[in-house]
There are 2 protein chains.
Amino acid sequence: MTIITGLAVHDVRAPTSRTLAGSDAVHSDPDYSAAYVVLSTDGDLTGHGFTFTIGRGTEVVCAAVEALRHHVIGVRLDDVTADFAAFWRAVTNDSQLRWLGPDKGVIHLATAAIVNAVWDLWAKAEGKPVWKLVADLTPEEFVSCIDFRYLSDVLTRDDALAMLGALEPGKADREAEIRRDGYPAYITSAGWLGYPEEKVRRLCREAVDDGWNAFKMKVGIDRESDAWRAAVMREEIGPDRDLMADANQVWDVSEAISWTEGLAGYGLRWIEEPTSPDDVLGHAAIRRALAPTGIGVATGEHCANRVMFKQLLQAEAIDYCQVDACRLGGLNEVLAVLLLAARFGVPVCPHAGGLGLCEYVQHISVLDYIVVSGSLDGRMVEFADHCHEHFVHPAQVRGGRYVVPTAPGYSAEMKPESLGALAYPRGSEWAG
Amino acid sequence: MTIITGLAVHDVRAPTSRTLAGSDAVHSDPDYSAAYVVLSTDGDLTGHGFTFTIGRGTEVVCAAVEALRHHVIGVRLDDVTADFAAFWRAVTNDSQLRWLGPDKGVIHLATAAIVNAVWDLWAKAEGKPVWKLVADLTPEEFVSCIDFRYLSDVLTRDDALAMLGALEPGKADREAEIRRDGYPAYITSAGWLGYPEEKVRRLCREAVDDGWNAFKMKVGIDRESDAWRAAVMREEIGPDRDLMADANQVWDVSEAISWTEGLAGYGLRWIEEPTSPDDVLGHAAIRRALAPTGIGVATGEHCANRVMFKQLLQAEAIDYCQVDACRLGGLNEVLAVLLLAARFGVPVCPHAGGLGLCEYVQHISVLDYIVVSGSLDGRMVEFADHCHEHFVHPAQVRGGRYVVPTAPGYSAEMKPESLGALAYPRGSEWAG
């Protein structure tokens, strides 16, 4: 029996803005960062979780983690996992702290760090990677992790049980297949806005040589430069590989439509975050207008919670559902969104990159395939080649696919030396 | 020429949970609180603003205010007011801090405290209450305060200019009228969930005697108790006064419909926050289903930003638009929502109560009448009789109407002795 006895939170920042890695139309200088949580216990186990941030403000998320501390200290792991939805509801529905959200922004980011650390702890206690822990749950155990509040108009507990039950027969085969082949991925490391042509070409060529079949570029600052970058990347990757574009929320609705239509000649699979992440009806309007171009609409990395995803699906606003492992309130809410997306037949292509997101989301997509959607159609996990060196069990890709992780836990644990170097503001990367 | 030279933020909490004031279906023990900002300048002027919170977590909002400090220190007031939209965009679109929102949760609450303090400062510099400062702006000056980003599919700068221009002729008359008569209000002090019958009856009777014509009750814990409270209040206030009900987000969509239908016999004007504040499509479904009962749908106190309000209006999801003075990112965004609501013909009935919200929103409704909507139809400002004693210029009601404030500023300034007593955790209300 494990009892959670301590919580430590670390403000961790990598100085990535020095190289323009991650530059896009609205985030011009991200320092890939995390509010990083370590849960200690009365035994040897520790749980590690984090929320991804991009520099300034990480200290605010750390303060929110501290504000949630009383929900986790003294808790028995067995009690949490016996009714994980109740634990999640207690954290997200704190009668005073919920005023700061509810279920959005800083308090929800902090929730994710803690909740994901609990999942890491549970998986380590079971000696399994998180994806395998979830895949081995019965349908009843799976749904006991989900707070169905505000979802019952489109998805009830019984609906979810029926969906999960229907996929039980093929589980073992899908697990064997995905362990053997890995999970399809796409790469975002070549098309950052700040990169010059020669660098874009070189990165594309190297990625093609490494077996990548899908590429994403950033757009939204300048129409000519976007067309140029699309042409260069299409030329390098050839006509048959996937190319996607990401506008990072820069446009109003009508501008999103006209700008994207201008890129229709480059065979884009999707336009990502074409407008405000809160604008469900705007995304729906953009999707309708772009239908003749064959370009789909993708969003989700800034989608605040399951209620917003519910509406994106109800309104037929998206072709691709890009869940984020820590924008949502941790894995429990991610599982709810996987079910919603499967119910609406929309493929989940998780947001990744940054610091540690690739490590998280590989678990999400692998378990989605094995027990929730049962499909790889139109599905890819994002990959960016940054910051993996800081993790004890870094995500691995081979031939353009994620290698299924095998270490127990949620792959969230950072190396002690990285925690020291990236500690803000006193680590060696920042001091002086 | 005034330069902002300092920012101090105070964690201020009133121990209101000790009396059950403010208890509702999901906020069982609110301690009315504020992240309270004082801007100092190179002259004698100071600007005061705050964000309302309900206890725990106020320190997180204070941390977010500190994170935004660099956007306001060293700024010339004249530069801000010459292009207030640009200042607002700089604060809300900080290339790293926006990751914590954007435009929602803790970082947006913190934005409101700072932005409202700048408005207070500007109004004091002009020697006017905020409502009068705004009412005296030209249409061009008014729209220069608004960031139209993400709104242009329903409201452009030119649309706004035309709307404001069309109301110019009657401005002086409406100002004279509202100064003379005050602004209609409703009262929420009688129907809290925690109050026993005799207290509810006594508070209703006293309010009727004081001239109140509109009353709000809390619902959502227990159907029988809600029907009982509605019957008691309807009996006390008679058939002709307005009665509204507030569920504070407690229901799923179908439960909201059936529960509210069960209250149809009590002549409710609206059901407020029937479900998740993020569920635009859910509110629209509830509104359609309740149409035969004559009960309208109201929401807004947890509506995160102008994009969410835009959709509530586009989807015909609300009959009443309940803006909050500091849930939105300060008065600039409130002005945008007033324009949106007027464009869709939906009355604005601001959320108030708590600590200082009444003081803020009286300005909003008065200026809405004079320059934006030009109408009082279906419009009322919430009033609750708590915590006014802490303000230098407290909101005043007479005969069920707000008395138009006349002191320069945004009525946000708290008494020094209150700041001292309510300071958390070391003030006299909290120490020991």
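# Briefing: sheet, helix pairs and chain contact

Chain B holds an open sheet of three strands, ordered β1-β2-β3 and paired antiparallel. The edges belong to β1 (4-13) and β3 (46-53) of chain B; each has a single partner strand, so one side of each lacks a neighbour in the sheet. The model is predicted. The points below cover this sheet, the contact between the chains, two helix pairs and two single residues.

**The sheet of chain B**

- Ignoring direction, neighbouring strands of the sheet are turned against each other by 15° on average.
- β1(B) and β2 (residues 33-41) of chain B run antiparallel and are joined by nine bridges.
- B:L7 has B:L39, in β2(B), as its bridge partner.
- Helix α4 (residues 105-126) of chain B packs on the sheet and touches β2 and β3 of chain B.
- The direction of this helix makes about 150° with that of β3(B).

**Contact between chains A and B**

- Chain A contributes 52 residues to the contact, and chain B contributes 52 residues.
- On the side of chain A, the elements giving two or more residues are α1 (58-68), α4 (105-126), α11 (253-261), α12 (280-290) and α13 (306-314).
- α1(A) gives the most to this side, with six residues.
- By class, the side of chain A that touches chain B has 23 nonpolar, 19 polar and ten charged residues.

**Helix pair α9 and α10, chain B**

- Helix α9 (residues 197-209) and helix α10 (residues 223-237) of chain B pack at an angle of about 30°. Their axes are 9 Å apart.
- Angles under 35 degrees count as roughly parallel, and α9(B) and α10(B) are therefore roughly parallel to each other.
- α9(B) and α10(B) make a right-handed crossing.
- From α9(B), the contact uses B:E197, B:V200, B:R201, B:C204, B:R205 and B:V208. From α10(B) come B:R229, B:V232, B:M233, B:E236 and B:I237.
- This contact of α9(B) with α10(B) has six nonpolar and five charged residues, with no polar ones.

**Helix pair α8 and α15, chain A**

- Helix α8 (residues 171-181) and helix α15 (residues 357-372) of chain A have axes that come within 8 Å and cross at roughly 150°.
- This crossing angle makes α8(A) roughly antiparallel to α15(A), because angles over 145 degrees are counted that way.
- The crossing of α8(A) past α15(A) is right-handed.
- A:K171, A:R174, A:E175 and A:I178 make the contact from α8(A), and A:V366, A:Y369, A:I370 and A:V371 make it from α15(A).
- The contact of α8(A) with α15(A) has five nonpolar, no polar and three charged residues.

**B:E272, a buried charged residue**

- B:E272 lies in strand β7 (residues 268-272) of chain B.
- The residue has 28 C-beta neighbours inside 10 Å. The cut-off for buried is 20 or more, so B:E272 counts as buried.
- Leaving out residues up to four places away in sequence, B:E272 touches B:M244, B:A245, B:D246, B:A247, B:A298 and B:T299.
- B:E272 and B:P347 are 75 residues apart in sequence, and their C-alpha atoms are 14 Å apart in space.

**A:D210, an exposed loop residue**

- A:D210 sits in the loop between α9 (197-209) and β5 (214-218) of chain A.
- With 12 other C-beta atoms within 10 Å, A:D210 is exposed, because 12 or fewer is the cut-off.
- Although 187 residues apart along the chain, A:D210 and A:V397 have C-alpha atoms separated by 9.6 Å.

Notes. Residues are numbered from 1 along each chain as its sequence is written. Chains are lettered from A and ligands numbered from 1 in the order in which they are written. This is a predicted model: local features need pLDDT of at least 70, side-chain atom pairs count only at pLDDT 80 or more; totals for chains, interfaces and linings use all residues. Two residues are in contact if their C-beta atoms, placed from the backbone, lie within 7 Å. Helices (H or I, at least four residues) and strands (E, at least two) are DSSP runs, numbered from the N terminus. Ala, Val, Leu, Ile, Met, Phe, Trp, Tyr, Cys and Pro count as nonpolar, Asp, Glu, Lys and Arg as charged, and the others, Gly among them, as polar. Two strands pair if DSSP finds at least two bridges between them. Axes are lines fitted to C-alpha atoms, for helices over the stretch in contact, and angles run from 0 to 180 degrees between N-to-C directions. Angles under 35 degrees count as roughly parallel, over 145 as roughly antiparallel, 65 to 115 as roughly perpendicular and the rest as oblique. A crossing is left-handed if the near helix is turned anticlockwise from the far one by less than a right angle, and right-handed if clockwise.
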